[in-house]
Structures are given as structure tokens and as C-alpha cells.
Amino acid sequence: MHTLHINDTISGPGYDIVVAEGCDKLPEFISALDLSESKALIVTDSNVEKLYLREVQTVLKGSFKKLCSFSIPAGEKNKNLDKVRDILRILIVEKFERRDIIIALGGGVIGDMAGFASAVYLRGIRFIQLPTTLLSDTDSSVGGKTGVDLDSYKNMVGAFHQPSLVYINASFLKSLPKREFASGMAEIIKHGLIKDDSYYEWLINHFNQINDQEPEVLTEMIQRSVAIKAAVVEEDPTEKGVRAILNFGHTIGHAIEKYMEFKLLHGECVALGIIAASFISYERGYLNTEEFYEIRDMLLPFNLPLSLDEGVDTKEILKITKLDKKMDSGRIRFILLKKIGEAVIDTTVTDEELLRGINKLKDN
Ligand SMILES: NC(=O)c1ccc[n+]([C@@H]2O[C@H](COP(=O)([O-])OP(=O)(O)OC[C@H]3O[C@@H](n4cnc5c(N)ncnc54)[C@H](O)[C@@H]3O)[C@@H](O)[C@H]2O)c1
Ligand SMILES: [Zn+2]
């Protein structure tokens, strides 16, 4: 087991991020939060409910005054305000008060949505992240960004609300479909590229063990990714500056996600966005040819897509990219790689550069 404490300079004492193999240490960390007289609501989704709800309920028996649960149909299309309203109604019916807590048991969809419900209920109650996907283990559960989509606008409504505890049980990943595992790998590769070249090399050298989910390699990878994410959000909790580097691959990635009407997974689109952003970095002279192709080619063994179909309208993707919300007075705050392991925020990327980056995805 490995614990990392993340400081929260804005709203509280910070929180522990625990990486463990199993749920047995969870009650110990929960008891440190003084919750024995509190009620808890586990929010999960229809897939995770079948796999892990009973196990978690059993482990947490005795940790709270009352333990309720609520399951939402799985899938991004349910990350919306209607489902938040359903969660809030339960909190009202069960008479949840300020001292009570929500536990998000699931992937990023559940973490974002349950986190948002906890941010707005009674102007904010506490919540715990129990992530169950690789993406939520290493990315979405850390950093306190919560929210939902509005129509096809991703994460348009939300709040910064830090969890009180993130407990990562790596053994939840055993049941994760291969495609979902790959989707999480895109964010992990992103962590290496933006912040740590030795981690990036380590990932390339361990792709077999990672794909085989060898426990020791998997936990080392989760720890290293979480440490990178934690360091960035600790420095800039509300994305006034440096936190934006975590959006590497996301500006074009989100546009592809929307263009494909969410038929590709988030991480698959991020992988394509990473290639496009790396190509722009290469054209700027920051990366050399070998570095660009190494980045592109390392995505393949992790089962991520490298290209877009011939029929895709890249100009339309450019248009959607420009509608992305991460704009700075009308200019896109684009993330480039200055070199492998170092990202920069750039507001000078032109439409032509963006289009060449997106078009590169067709001749891969
Ligand atoms: N808050 C943040 O900082 C942040 C960062 C990155 C992504 N996100 C958000 O996260 C979401 C994507 O998260 P995700 O990829 O975890 O998707 P997800 O929550 O939809 O989970 C993916 C699928 O896997 C299933 N599943 C979950 N755990 C499982 C397990 N252990 N075994 C078998 N099946 C399991 C789910 O039911 C779902 O069908 C997006 O909405 C994205 O916007 C948020
Ligand atoms: Zn992402």
C-alpha cells in the first residue's frame, strides 16, 4: 500500500490518495475522517453495482450511522443534470445533512457526477472517490474537478470540489474491459509526456507487463501517474495557469470525441489529440522526427488508435476545436510539448497549424 497526501491551499486540509490491492484498508482511512455518526450514500453505475457494490457495502458495514446506495445506468450519456437531480432527491429524502458524505464508486462518469452532487448539495458536503477504471484511478479522481455534460457540451457545468479521500483499489481493474483499460493508458502516457521523460521511457519499456496487468508494475504506474497529477493540481488547484498542461491532447481530442458523437472512448480521442498536438510541436521544431514517430508508435502496443478514417471532415473538427471552452480572450490555450517531459501553454497556434495537426491523423 502507498499513500500520498495532497495539500489543498484553498478549501481545506487536503486529502490522502491511497493506492492499494484490495478494499481491506478502506475502513481505517474512513475512520480517520470522523464519520461514525454520519450517513453515507454510495453512488455507482449499473455495471460496477453488479461487480463491486456488495463487496464495498460489506467492507464499510460499521463505518457509518447509515449506508445507502444508488445506481445510475452506465455511460457518458448519463453524466447529466437529470441524474444529478436524482442523486440530490435521494439526499433530501434520506435527510442528509452537512456532516454526511457521498462515496463515488465507479469510473470518471460517476466520480464527476457524484462529486458535483456533493459540491452543490447544501452548498457542499464531503465526498470520497473509490475509482474503478484506469482513467479514474490515475486522472479524474484526483484534483477536485467535478461536473456534468450539457447536451453535447462536455463538462460544461461543474465545480471545483476536492474529495476527502481517494482510495484506489487496483484489483478493481481485473474486470475492466480491454478497451477501457487502453483508454486510461492515453492519460497515463500524457502524464509522462508533459512532466516526466523517464516515466515516458519506463512506460515504453514495460508495455507487456502493463498490458498483462502485472500487479507490481500496475501499482507503480498508478502511483507515478497519480503523483504527477497531484503535483500539478497542488500547484494550481483551480486551473489559473500550469494545470492547463493536463489538457495536452484534449483540445483536438475533445473535438474528435464530439465529431464522432461519442462513439470513441475519451482516452481514444485523447490519443489522437496527443498525436495531433505532438505533430504541431514537431512542426514548431520542438520535437524531432524520431521523437514524433516514437510518440505516435508507442500508442499502438497500448491498443490506442493512431488515425482517423479517410471520410472524416477535418475542417469540421477544426471548427469544433475552436468552440472548445479552453479559450483565452478568443484564442485557444493550446498545449504543446517543448520537449518530451515538458509541456507549455501556447496561445499562438494558428488555424492552419491546427488543421495540419488534425490532417496528419489521416495519413498515419
Ligand atoms: N474530473 C476530471 O478531472 C476528469 C479527468 C479525466 C476524465 N474525466 C471524465 O471521466 C469520464 C470518463 O471516465 P471513465 O473512462 O472512467 O468512464 P466510465 O465511468 O464511463 O467507465 C467506463 C465503463 O467501464 C465500466 N466500469 C467501470 N469500472 C469497471 C470495472 N472495474 N470493471 C468493469 N467495468 C467497469 C463503466 O460501467 C463504464 O461502462 C469522462 O466523463 C471524462 O470527462 C474527468
Ligand atoms: Zn482526459
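This is a predicted model: local features need pLDDT of at least 70, side-chain atom pairs count only at pLDDT 80 or more; totals for chains, interfaces and linings use all residues.
Residues are numbered from 1 along each chain as its sequence is written, chains are lettered from A and ligands numbered from 1 in the order in which they are written, and side-chain values use heavy atoms, with hydrogens and water left out.

Helices (H or I, at least four residues) and strands (E, at least two) are DSSP runs, numbered from the N terminus. Both Glu 187 and His 250 are buried, where buried means under 20% relative accessible area, exposed over 50%, and partly exposed in between (1.4 Å probe, protein chains only).

Helix H10 is mostly covered, with 8 of its 10 residues buried; among them are His 250, Ile 252, His 254 and Glu 257. Just after H10, Glu 261 takes a positive phi of about 50 degrees, although Glu 261 is not a glycine. This residue sits in the loop between H10 and helix H11 (266-283), and Glu 261 is exposed, with a relative accessible area of 57%. Lys 95, also not a glycine, has a positive phi of about 55 degrees. Its loop runs between helix H3 (81-93) and strand S5 (101-106), and Lys 95 is exposed at a relative accessible area of 62%.

What of the cysteines? A disulfide is a covalent bond between the sulfur atoms of two cysteines. Here the criterion is a pair of cysteine sulfur atoms within 2.5 Å, and the structure holds 0 disulfides. The sulfur of Cys 23 has its closest cysteine sulfur in Cys 68, 19 Å away, which is too far for a bond. Cys 23 counts as buried because its relative accessibility is 3%, and Cys 68 counts as buried at 10%.

The structure also holds 3 cavities of 30 Å³ or more. On a 1 Å grid over the protein atoms alone, a cavity is a set of points where a 1.4 Å probe fits but cannot get out, and a pocket is an open set with protein on both sides within 12 Å along at least five of seven lines; lining residues have an atom within 4 Å of a point. Grid points are joined across faces, edges and corners, and a volume is the space filled by probe spheres set on the points. The second largest cavity has a volume of about 60 Å³, and its lining includes Ile 6, Asp 8, Tyr 15, Gln 162 and Glu 234. Domain 1 (2-175) and domain 2 (178-360) both contribute lining residues, so this cavity lies between them; the domain bounds come from an automatic or database domain assignment.

The second largest pocket has a volume of about 300 Å³. Of its 17 lining residues, Asp 8, Ser 11, Gly 12, Gln 162 and Pro 163 lie nearest its centre.
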